[in-house]
Amino acid sequence: MTDANDLTRDSDVVRDITVIGAGPVGLSAAFWAGMREASVRIIDSLPELGGQLTTLYPEKWIFDVPGHPRILAKDLVDQLRQQTLQQFDVPVHLETTASEIAWEPGPGDSDHEFVVLKTNRGELRSRAVIIAGGHGAFEPKKLPGYDMTPWEGRGAHYLVGSKEEFAGKRVLIVGGGDSACDWVINLLDTADHVALVHRREGFRAHEITVNQVMQAAEEGRIDLHIPFQIKEIVGNGTIERVHLFHSEDGTTEVELEIDAVLLQLGFKTALGPLKDWGLEISKGAIVVDSLMKTNLPWIWACGDITTFEGKLKLIATGFSEAAIAVAQAIHSLRPDVKLQPKYSTNTGVPGATEGQP
């Protein structure tokens, strides 16, 4: 993986494809580029590989990746890293944000243009760009009705880098969606005690997860406070106690002894600079056709950042979209190359290392 400081060296190279986004779909796109023997680089504004899998829930189980009955998000990222970066020479530039896009003439009398990405670390040129930026830029939603800012870094958390951060602690999880319920279950074997507070009676999580939470509450393994909201947090330097009030009867209050509050209220997403590039946008997503082509020349997109009729926002379908986007980009660059890639069972990996078929 290329260090961000080496971007100036890579800027002298015109690559076949630049992939925007180092999440699972971006890594998959780079893999397919390698399989088609195309030169490729990856850029991402985040400091680590993996996109939301790394930033939001590295230690949560994923159950819908084909071939894996279940796999931790961080382990899926590591396997994708091995599959892509360890098999192909793919420079990765992290903490690198593409703010502007432009086109310039190709070499000689070629009618193909180069796509120029203007980043915070310099310009990068390629013959095509594949946008695989997940949901785009994202940030945690804040707690309505109570300012948690004074407690951030002092016991209030929005993200979980490692479950061990909560080892032996009394944790209050706030929220009623999938992430809140998932973390209730995931922290049962790590935290000293887990409580869940939600301001409404109903949950927005998957039914099976809600049932697991309810069962844990019935068994006395967690405390469930619904419909309640945070009224006040008390502590000397760090969180020590949380006062809750009933959402429908403000006179009913509960006091909890708590070491950490994990806020799982969802995330605000935005396209960031992409929204100013001239891409066709619908409801905050990039419109693509059935070939993953955008309305801009030499630009394809895949993964959760895209929208089209019948769109499913799943990692599995994102992998498929990445393969289509790469195949179309390569065919557009080299019309003599077939759309259908050769089967890896027959070809192995191009430029295979010793010991590979």
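Tutor: Buried means under 20% relative accessible area. Keep that cut-off in mind for this predicted model.

Student: Which residues of H5 are called buried?

Tutor: In helix H5, residues 178-186, they are Ala 180, Cys 181, Asp 182, Trp 183, Val 184 and Asn 186. Each is called buried, so each falls under 20% relative accessible area.

Student: What covers the buried residues of H5?

Tutor: The cover includes strand S3 (61-62), helix H6 and strands S11, S12, S13 and S17. H5 also lies across S11, S12, S13 and S17, running at about 160° to S11. Helix H6 (residues 207-218) lies across S12 and S13, at about 110° to S13.

Student: How do you know that S12 and S13 pair?

Tutor: Pairing needs at least two bridges. S12 (residues 193-197) and S13 have 4 bridges, in the parallel sense, so they pair.

Student: What makes S10 and S13 edge strands?

Tutor: The open sheet has 5 strands in the order S10-S17-S11-S12-S13, with parallel pairing. S10 (156-157) and S13 (222-225) each pair on one side only.

Student: How do you know that S14 and S15 pair?

Tutor: The cut-off is again at least two bridges. S14 and S15 (residues 241-246) have 6 bridges, in the antiparallel sense, so they count as a pair. Val 234 has Arg 241 in S15 as its bridge partner.

Student: Which sheet holds S14 and S15?

Tutor: An open sheet of 3 strands, ordered S14-S15-S16, with antiparallel pairing. Its edge strands are S14 (228-234) and S16 (253-257). The twist averages 25° from one strand to the next.

Technical notes: Residues numbered from 1 in each chain as written. Predicted model: local features only at pLDDT ≥ 70, side-chain atom pairs only at ≥ 80, totals over all residues. Heavy atoms only, no water. Helix = DSSP H or I, 4+ residues; strand = E, 2+ residues; numbered from the N terminus. Contact = heavy atoms within 4.5 Å. Axes fitted to C-alpha atoms, helices over the stretch in contact; angles between N-to-C directions. Buried < 20%, exposed > 50% of the residue type's maximum accessible area, 1.4 Å probe, protein only.
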